[in-house]
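Keep the sequence and the structure in view while reading.

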Amino acid sequence: MAKQLNFANRTQELDIFLNMAAGNYDCRIMLIEGASGMGKTWLLKRFKHKCPPDIKYIPFDCKGVVSIPAFLSQIVVDLGQEQFPTFVSKVKVFVHGGVDFSENDIAAEQTISIAINSDNVDPAIQKFRLEQLQQAFFNDLAKLKQRIVITLDTYQLANEVLRDWIESKWLRAIERQLDNVVTVIAGQFVPDHQNNSVWGDECEHFMLSSIAIDDWCKFCSDLPEDTVKGLALAGDGHPANVHQMLSLVIKRWSV
């Protein structure tokens, strides 16, 4: 059964995401917060599956994105270096020999890192270079005609430097400059929207919790209601736990 791949409910989050992606919503930032097993990663996969094909969807897992250059480079590579002429030109100014990073995201990440930190430059120069590069990046990204969705999962595992940059620069740019970009951040904790006056009032924040028994019964209407109620009660509505038990029941039911 296809249903065993899904969770009950979460329809509001999906509906709002699809409207954001299409440009039919009044904000472009979504924060999805919840404890382990509440369905955050599943929801992002659902977003990707339902996202219209004409919208570019770029997913990140913060376990594998360890720096600002890693974040920037993947977007440049995924969308195409030719889409970022100002940014690439600025990178080459800061890199001796004008290194080309068109081949892959690892080369791109290394080149951007060199552009910021080459020649053992002092912190003030590093900060200046990063500001120059990020503004060039934002300017190029804002000019793209295509709508873009960028998601970051397991945000709690991002390092502090990257989190600070996302909360102070990236989300600010989404709100003020990048009308064509939607960003979704999911994790056991997410950026603090309540204490950010720039973008905090311009986002949707969802705190995922256990799913009500009635919702599980509606979702599993093809199974005996008493069975579903029992499993939902045993799992306290916890999505991952109930999902696991339902999957076992469905598997045995189909044998």
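T154 is buried, with a relative accessible area of 12%; the cut-off for counting as buried is under 20%. The model is a predicted one. T154 sits in the loop that runs between β3 and α7 (160-176). Its phi is near 45°, which is a positive value in a residue other than glycine.

The protein has 255 residues, and 48% of them count as buried. Among contacts between residues at least 6 apart in sequence, 73% join residues at least 24 apart.

Which residues of α1 are buried? They are E13, L14, I16, F17, M20 and A21. These residues lie on the same side of α1, because they cover an arc of only 165° around the axis. A general point about helices applies here. An α-helix has 3.6 residues a turn, so residues three or four places apart point the same way. The buried residues of α1 pack against several elements: the strands β1 (29-33), β2 (56-61), β3 (148-153), β4 (181-187) and β5 (204-207), and the helix α2 (40-50). After α1 comes G23, and its phi is positive, near 85°.

Helix α4 shows a similar kind of arrangement to be read along its axis. Its buried residues are F87, V88, V91 and F94. They cover an arc of only 125° around the axis, which puts them on the same side of α4.

Helix α4 also has a helix partner. How do α4 (residues 85-94) and α6 (residues 123-143) pack? Their axes are 7 Å apart, and the angle is about 160°. Since angles over 145 degrees count as roughly antiparallel, α4 and α6 are therefore roughly antiparallel to each other. On the α4 side, the contact is made by P85, T86, F87, K90, V91 and F94; on the α6 side, by F128, R129, Q132, L133, A136, F137 and D140. By type, the residues of this contact of α4 with α6 divide into eight nonpolar, two polar and three charged.

Is F137 buried or exposed? F137 is buried, with a relative accessible area of 0%. Leaving aside residues up to four places away in sequence, F137 touches L72, I75, V76, F84, F87 and W170. F137 and Q83 are 54 residues apart along the chain, and their C-alpha atoms are separated by 9.9 Å.

The next pair is α3 with α7. The axes of helix α3 (residues 68-79) and α7 come within 9 Å and cross at roughly 60°. The helices α3 and α7 are therefore oblique to each other. In this contact, I68, F71, L72 and I75 of α3 meet V161, L162, W165 and W170 of α7. What kinds of residues make up the contact of α3 with α7? They divide into eight nonpolar, no polar and no charged.

Helix α7 also holds R163. Not counting residues up to four places away in sequence, R163 touches Y155, Q156, A158 and F189. The C-alpha atoms of R163 and C62 are separated by 9.7 Å, while the two residues are 101 residues apart along the chain.

The last stop is C203, in the loop between β4 and β5. Its relative accessibility is 13%, so C203 counts as buried. C203 touches C27, I29, L31 and H193, again not counting residues up to four places away in sequence. How far apart are C203 and C27, in sequence and in space? They are 176 residues apart in sequence and 5.8 Å apart in space, C-alpha to C-alpha.

Key: Residues numbered from 1 in each chain as written. Predicted model: local features only at pLDDT ≥ 70, side-chain atom pairs only at ≥ 80, totals over all residues. Heavy atoms only, no water. Buried < 20%, exposed > 50% of the residue type's maximum accessible area, 1.4 Å probe, protein only. Helix = DSSP H or I, 4+ residues; strand = E, 2+ residues; numbered from the N terminus. Arc of directions from axis to C-beta. Contact = heavy atoms within 4.5 Å. Axes fitted to C-alpha atoms, helices over the stretch in contact; angles between N-to-C directions. Parallel < 35°, antiparallel > 145°, perpendicular 65-115°, else oblique. Nonpolar A, V, L, I, M, F, W, Y, C, P; charged D, E, K, R; others polar.
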